[in-house]
Amino acid sequence: MASSNPKVWFVTGASSGFGRAVTEVMLQRGDNVVATLRKPAMLNDLANVYSQNRLLILPLDVTVPSEISTAFLKAREAFGRIDIVFNNAGLCIIGEAEGMPDDDAKLLFDTLFWGAANVTKEAVTTFRDFNQPPGGRLLQMSSRGVLRVIPGVAHYAAAYIQSTLESLSEGYAAELDPAWNIKITVIQPARFRTAAPWTNVLVPVHPAYSDPNLPSRQYRSIYPGAEHFSDGDIYKFAAQIHRLVQLEDPPFYLPLHRTALEAAKIKGQKLLQAVEDYGSWSDDVYLDEENCQGRA
């Protein structure tokens with residue numbers, strides 16, 4: 001089905017999971033998609049169904065900045081503009097924070113933070129400088145882990161969500177000129193059934209964490225078989241993403257799944273409780289009036 005006014009999506013991590021589902025659903029609903037992934041052959045089945053004026057499949061390793069720039073350039077050359085960027089490429093390495101090998105930690109940050117950050121930069125440039133009229137939607141894939149960090153995936157949370165990508169997204173949102181018409185949403189899904197349980201990497205257990213009752217060991221124990229704890233449908237997720245981009249005033253944060261909603265409420269309650277319990281500690285932490293002269 002072709003739309004009379006199709007949007008152009010740029011999807012990273014389109015090989016499987018959320019990226020694959022978003023690619024399929026947007027094509028089915030009449031939009032055009034630039035699907036990027038490290039191994040383009042994984043989308044051969046879709047390439048056999050959709051012509052290149054509907055689906056452009058490009059190789060992209062987000063840890064290589066030049067490949068990101070090239071992919072955006074080819075997307076603009078093919079479609080003239082990019083309306084929506086689904087910033088989704090990622091991986092997960094599981095292990096105790098203390099025992100995470102440096103090379104694995106670096107790979108997480110290179111992919112989940114620097115890769116996403118460089119995609120963000122190219123997206124903003126495209127929306128502002130190439131789209132006519134300017135504007136676009138930037139959808140940043142995060143996780144419920146920003147709301148509740150799970151033992152065993154601390155580096156994943158740190159690189160992807162907790163203190164880096166989401167903070168960067170907030171910074172962009174605060175700095176962007178409203179005239180550029182760029183809108184950002186950070187999506188926080190939880191427990192959707194993807195290929196992650198089969199592709200997540202477990203590093204060896206740190207010797208100090210040999211007790212099987214420790215939280216990180218409990219999390220490790222769900223592998224293999226972690227998929228049975230996931231009841232979210234990624235195609236229904238993609239349908240909600242399509243619904244999201246129809247909004248004139250989209251939310252900055254969008255938790256999806258009952259588990260994400262519960263985590264958001266708990267985190268919010270903890271912050272409010274800290275303000276309630278310890279707010280008085282801020283009553284007397286300020287410079288005396290006579291010491292404030294000439295200070296900003």
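β7 and β9 run parallel and are joined by four bridges, with V186 partnering Y253 of β9. This is a predicted model, where local features need pLDDT of at least 70 and side-chain atom pairs count only at pLDDT 80 or more, while totals for chains, interfaces and linings use all residues. Numbering starts from 1 along each chain as its sequence is written, and side-chain values use heavy atoms, with hydrogens and water left out.

**The sheet**

- Seven strands make an open sheet with parallel pairing, in the order β3-β2-β1-β4-β6-β7-β9. Strands here are DSSP E runs of at least two residues and helices are H or I runs of at least four, numbered from the N terminus; two strands pair if DSSP finds at least two bridges between them.
- At the edges sit β3 (55–59) and β9, each pairing on one side only.
- Ignoring direction, neighbouring strands are turned against each other by 15 degrees on average. Axes are lines fitted to C-alpha atoms (for helices, over the stretch in contact), and angles run from 0 to 180 degrees between N-to-C directions.
- On its other pairing, β7 (residues 182–189) runs parallel to β6 and is joined to it by six bridges. Along that pairing, R137 stands opposite K183 and G136 opposite I182.
- β7 is largely enclosed by the rest of the structure, because seven of its eight residues are buried. Buried means under 20% relative accessible area and exposed over 50%, with partly exposed in between (1.4 Å probe, protein chains only).

**Helices against the sheet**

- α9 lies across β1, β4, β6, β7 and β9, at about 155 degrees to β7.
- Which residues of helix α6 (residues 165–175) are buried? They are L165, E166, S169 and Y172.
- Seen down the α6 axis, these buried residues fall within an arc of 115 degrees, so they line one face of the helix. The arc is that of the directions from the helix axis to the C-beta atoms.
- Turned away from that buried side, α6 carries the exposed residues A174 and E175.

**Nonpolar cores**

- The largest nonpolar core has 30 residues, and W9, F86, L139, I187 and F237 have the most contacts inside it. Such a core is a set of buried Ala, Val, Leu, Ile, Met, Phe, Trp, Tyr and Cys residues joined through side-chain atoms within 4.5 Å.
- At least two residues each come from β1 (8–11), α1 (17–28), β2 (32–37), β4 (84–87), β6, α9 (234–244) and β9 (253–256). The largest share, six residues, is from α1.
- A second, separate core of 24 residues includes L60, I82, L138 and I182.
- Leaving out residues up to four places away in sequence, F86 touches residues including F10, F18, L139, I187 and F237. Contact means heavy atoms within 4.5 Å.

**A buried asparagine**

- N131 lies in the loop between α4 (102–130) and β6 (136–141).
- Is N131 buried or exposed? At 0% relative accessibility, N131 counts as buried.
- The N131 side chain reaches the backbone oxygen of I82 at 2.7 Å and that of G135 at 2.8 Å.
- Not counting residues up to four places away in sequence, N131 touches R81, I82 and T126.

How values were computed: Polar contact = N/O pair within 3.5 Å; in protein donor to acceptor, adjacent residues only side chain to side chain.
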